[in-house]
Amino acid sequence: MSGNPSSLHTSQLDTDIEVIGDISFRGTLYLQGRVSGNIVAPVESNASLHLQENSEVAGEIRAPTIIVAGKVAGDIFASVRITLTSSAEVTGNIHYSEIKVEQGATINGSLMALGKPEAF
């Protein structure tokens, strides 16, 4: 493997992309398309997931920092922080260390505070 494994990279999945299967990432991932599967980043990383307004995810999400502006059907685990923008629609439980919910966001599930990042 070349490069520094701790360096951060930015990736983007555009609106015309549909992924059927799990995604594992480090760094920053901007998702505008659809994912049918789980999205996972290591809890000890500085990874951040940005679900754009037209994005749709059907599966579990686990990442340190998550920003949701699209639709999620599945449980979310944010070990550092989660932000739900006014256009966010979540059907599932949200496990978080810090949370910000903008007016207009829709949550159909429970909110559960995490103790320590190791808990997830």
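Thr65 has its place in strand 9 (61-68), where strands are DSSP runs of E of at least two residues and helices are runs of H or I of at least four residues, both numbered from the N terminus. With a relative accessibility of 18%, Thr65 counts as buried, a word that here means under 20% relative accessible area, against over 50% for exposed and partly exposed in between, computed with a 1.4 Å probe on protein chains only. This is a predicted model, in which local features need pLDDT of at least 70 and side-chain atom pairs count only at pLDDT 80 or more, while totals for chains, interfaces and linings use all residues. Residues are numbered from 1 along each chain as its sequence is written, and side-chain values use heavy atoms, with hydrogens and water left out.

**The model as a whole**

- The protein has 0 helices and 16 strands, and 39% of its 120 residues count as buried.
- The pLDDT, which is the predictor's confidence in each residue on a scale from 0 to 100, averages 90 over the protein, and 89% of the residues score at least 70.
- Residues 1-7 have a pLDDT below 50, and this stretch has 1 contact in the model beyond near neighbours in sequence, contact being defined as heavy atoms within 4.5 Å.
- Among contacts between residues at least 6 apart in sequence, 7% join residues at least 24 apart.
- The accessible surface comes to about 6,500 Å², of which 46% belongs to carbon and sulfur atoms, as calculated by the Shrake-Rupley method with a 1.4 Å probe.

**Thr65 and Ser48**

- Leaving out residues up to four places away in sequence, Thr65 touches Ala47, Ser48, Leu49, Val80 and Arg81.
- Ser48 is found in strand 7 and is buried because its relative accessible area is 11%.
- Beyond residues up to four places away in sequence, Ser48 touches Phe25, Gly27, Thr28, Leu29 and Thr65.
- The side chain of Ser48 makes a polar contact of 3.3 Å with that of Thr28 and another of 3.4 Å with that of His50; a polar contact is a pair of N or O atoms within 3.5 Å, where within protein one must be able to donate a hydrogen and the other to accept it, and residues adjacent in sequence count only if both atoms are side-chain atoms.
- Although Ser48 and Val80 are 32 residues apart in sequence, their C-alpha atoms are 9.6 Å apart in space.

**The nonpolar core**

- The largest nonpolar core has 25 residues, and those with the most contacts inside it are Ile39, Ile61, Val68, Ile76 and Ile82; such a core is a set of buried Ala, Val, Leu, Ile, Met, Phe, Trp, Tyr and Cys residues joined through side-chain atoms within 4.5 Å.
- Two or more residues of this core come from each of strand 4 (28-31), strand 7 (48-51), strand 9 (61-68), strand 11 (76-84) and strand 13 (94-96).
- Apart from its neighbours within four places in sequence, Ile61 is in contact with Ile39, Leu49, Leu51, Ile66, Val72, Asp75, Ile76 and Phe77.

**Strand pairing**

- Strand 1 (residues 10-13) pairs in the parallel sense with strand 4 over 4 bridges, pairing being assigned if DSSP finds at least two bridges between two strands.
- Strand 4 and strand 7 also run parallel and are joined by 4 bridges; Ser11 has Leu29 of strand 4 as its bridge partner, and Leu29 in turn has Leu49 of strand 7.
- Strand 9 pairs in the parallel sense with strand 11 over 7 bridges, with Val68 opposite Leu84.
- Strand 11 is largely enclosed by the rest of the structure, because 7 of its 9 residues are buried.
- Strand 11 has parallel pairings of 3 bridges with strand 13 and of 3 bridges with strand 14 (residues 99-101); Ile76 stands opposite Ile94 in strand 13, and Leu84 has Val101 in strand 14 as its bridge partner.

**Two loop residues**

- Ser55, in the loop between strand 7 and strand 8 (56-58), is buried with a relative accessible area of 1%, and its side chain reaches the backbone oxygen of Gln52 at 2.6 Å.
- Asp22, in the loop between strand 2 (18-20) and strand 3 (23-24), counts as exposed at 58% relative accessibility.
- The side chain of Asp22 reaches the backbone nitrogen of Asn38 at 2.8 Å, and Asp22 lies 5.8 Å from Ile39, C-alpha to C-alpha, at a separation of 17 residues in sequence.
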